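Here are a few notes to read alongside the model. Have a look at the structure first, then go through the points in order.

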Amino acid sequence: MEKEKKQQKTDVKYTAPALEKGLDIIELLSKEPDGLRLKDIGGKLNKSVSEIFRMVSVLERRDYLSLDPTNDRYSLSLKLFEVAFDNMPVDSLARSAGAPMELLAIETGQPCYLAMAYKDKAMVIQQKDAPLDWLICARLGARFDLDACCPGKLMLAYQDTPCDKDEHFALIRKQGYVRMPSPFLAGVEEIAFPIFDRLEQVTASLVINYISYPGSHQICDIQQAISKGQHAAIKISDKIKVS
């Protein structure tokens, strides 16, 4: 056992305790949507308040954390999302998708969003609202389990080594999209389309949230929405390949 501990220490070439402490705080709060008080952060990290106070203060000053004065709870701000969004591949993809998605929302009367795979999640990096007085769409930065959500199922089907336990993924690749009831909203169907990069790899998924509206509010039926979604996905893919 002692030998294993020594081996683990030698495996770590460099250490930065203060940085690791800050990352521990950020990762902890990413799993606490309601935030935590200072003493609770310390408790969950097995550290005293005095050990984490300065680090929390610096993270708040740099806008990575926000403090709710009504309950003294710290939570993550959107700064991390902003930093990630400034990453060139994500920013380039979001900018390339902006205009085609705007047109898609207008032509279908339906909201749409763009998601990328990150680890085992599908993360929303762009979204456009329908041109209506009521709004239903995924928020920027939202993350969903890949194997449970519509864009996730599509991206899994197009990965290098898809798990073809049944013919489901093969069917997705053959028809070129996924259509399924939303796992989050009753009465809403989601349709996901692949976005291809220069290497013809699926880098993201364009998703339409199809909602049935009464009367004249329905601009197009779902088959028309699928056709327009496929066209928008091709336009986005073409823009990415030359950007």
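1. H5 gives the largest share of the lining of the largest pocket, five residues. Helices here are DSSP runs of H or I with at least four residues, strands are E runs of at least two, and both are numbered from the N terminus. Helix H2 (17–29), strand E2 (73–76), helix H5 (79–85), strand E3 (112–118) and strand E4 (121–128) each bring at least two residues to that lining.

2. A quick word on the source: this is a predicted model, where local features need pLDDT of at least 70 and side-chain atom pairs count only at pLDDT 80 or more, while totals for chains, interfaces and linings use all residues. Residues are numbered from 1 along each chain as its sequence is written, and side-chain values use heavy atoms, leaving out hydrogens and water.

3. What is the lining of the largest pocket made of, by residue class? There are 20 nonpolar, five polar and eight charged residues (Ala, Val, Leu, Ile, Met, Phe, Trp, Tyr, Cys and Pro count as nonpolar, Asp, Glu, Lys and Arg as charged, the others, Gly among them, as polar).

4. Now for the chain as a whole: it has nine helices and eight strands. Of its 243 residues, 40% are buried (under 20% relative accessible area, 1.4 Å probe, protein chains only).

5. Leucine 156 sits in helix H7 (residues 150–157). It counts as buried because its relative accessibility is 19%. Leucine 146 is ten residues away along the chain from leucine 156, and their C-alpha atoms are 7.4 Å apart.

Methods: Buried < 20%, exposed > 50% of the residue type's maximum accessible area, 1.4 Å probe, protein only.
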